[in-house]
Amino acid sequence: AFTNIQWDSLGSLKLTAQETALLRMAETNPMDYTLADSRDASMYARVLLKLLAEATAAGAGSGYVSNMTEAPEDSKEEAMKALGEDPLGVVAHYALTKGLEI
């Protein structure tokens, strides 16, 4: 569901056009490609931290995603449900997941 995140519609995250473009690039390219350029890698890490901070400040820690206790059986369907019900929770999960990847 990460590729389905509509960054432009999440105004509470206060993303710049450059940050949004970097997030889209990171989802369409392999992680190694995004991290190959030191400037992109540094900016990507900063954007992930910003996502986590902004999503949490906007209430991401109290929604549907934060109350999930086990992995869903149908991950695609459950991910889309979570994105619809708690987009900021999904953004926080995205930031943590991608941060762990790098």
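Reply: Let's start with a word we'll need throughout: contact means heavy atoms within 4.5 Å. A second one is for the elements: helices (H or I, at least four residues) and strands (E, at least two) are DSSP runs, numbered from the N terminus. What you see is a predicted model, in which local features need pLDDT of at least 70 and side-chain atom pairs count only at pLDDT 80 or more, while totals for chains, interfaces and linings use all residues. Residues are numbered from 1 along each chain as its sequence is written, and side-chain values use heavy atoms, with hydrogens and water left out.

Here's the setting. The chain has five helices and zero strands, and read along the sequence its pattern is α-α-α-α-α. Of the contacts between residues at least 6 apart in sequence, 67% join residues at least 24 apart.

The part I've picked is helix H3, residues 38-57. The expected span of a helix is 1.5 Å times one less than its number of residues.

Now for its two sides. The buried residues of H3 are Ala-41, Met-43, Tyr-44, Val-47, Leu-48, Leu-51, Glu-54 and Ala-55. They cover an arc (taken from the directions from the helix axis to the C-beta atoms) of only 165 degrees, so they sit on the same side of H3. Turned away from that side are the exposed residues Ser-38, Arg-39, Arg-46, Leu-49 and Ala-57. And what covers the buried residues? The cover includes helix H1 (17-28), helix H2 (31-36) and helix H5 (87-101).

At its start, a side-chain oxygen of Asp-37 comes to within 3.0 Å of the backbone nitrogen of Arg-39. Just after H3, Gly-59 has a positive phi of about 105 degrees.

A nonpolar core is a set of buried Ala, Val, Leu, Ile, Met, Phe, Trp, Tyr and Cys residues joined through side-chain atoms within 4.5 Å. The largest one has 25 residues, and Leu-51 is among those with the most contacts inside it, together with Trp-7 and Leu-13. H1, H3, helix H4 (75-85) and H5 each give two or more residues to this core. In soluble globular proteins, nonpolar side chains tend to be buried together. Leaving aside residues up to four places away in sequence, Leu-51 touches Trp-7, Leu-13, Leu-15, Leu-23, Val-91, Tyr-94 and Ala-95.

Two of those neighbours also meet each other. Rings of Phe, Tyr and Trp (its six-membered ring) pair if their centres lie within 6.5 Å; planes under 30 degrees apart count as stacked, over 60 as edge-to-face and the rest as tilted. The structure holds one aromatic pair. Trp-7 and Tyr-94 form it edge-to-face, with 5.3 Å centre to centre and 65 degrees between the planes. The pair links distant parts of the chain: Trp-7 lies in the segment before H1 and Tyr-94 in helix H5, 87 residues apart. Trp-7 is buried at a relative accessible area of 4%, and Tyr-94 is buried at 0%.

Glu-19 belongs to helix H1 and is buried, with a relative accessible area of 13%. Not counting residues up to four places away in sequence, Glu-19 touches Lys-14, Met-43, Val-47 and Lys-50. A polar contact is a pair of N or O atoms within 3.5 Å; within protein, one must be able to donate a hydrogen and the other to accept it, and residues adjacent in sequence count only if both atoms are side-chain atoms. The side chains of Glu-19 and Lys-50 make one of 2.8 Å. The side chain of Glu-19 also reaches the backbone nitrogen of Thr-16, at 2.8 Å.

Key. Buried < 20%, exposed > 50% of the residue type's maximum accessible area, 1.4 Å probe, protein only.
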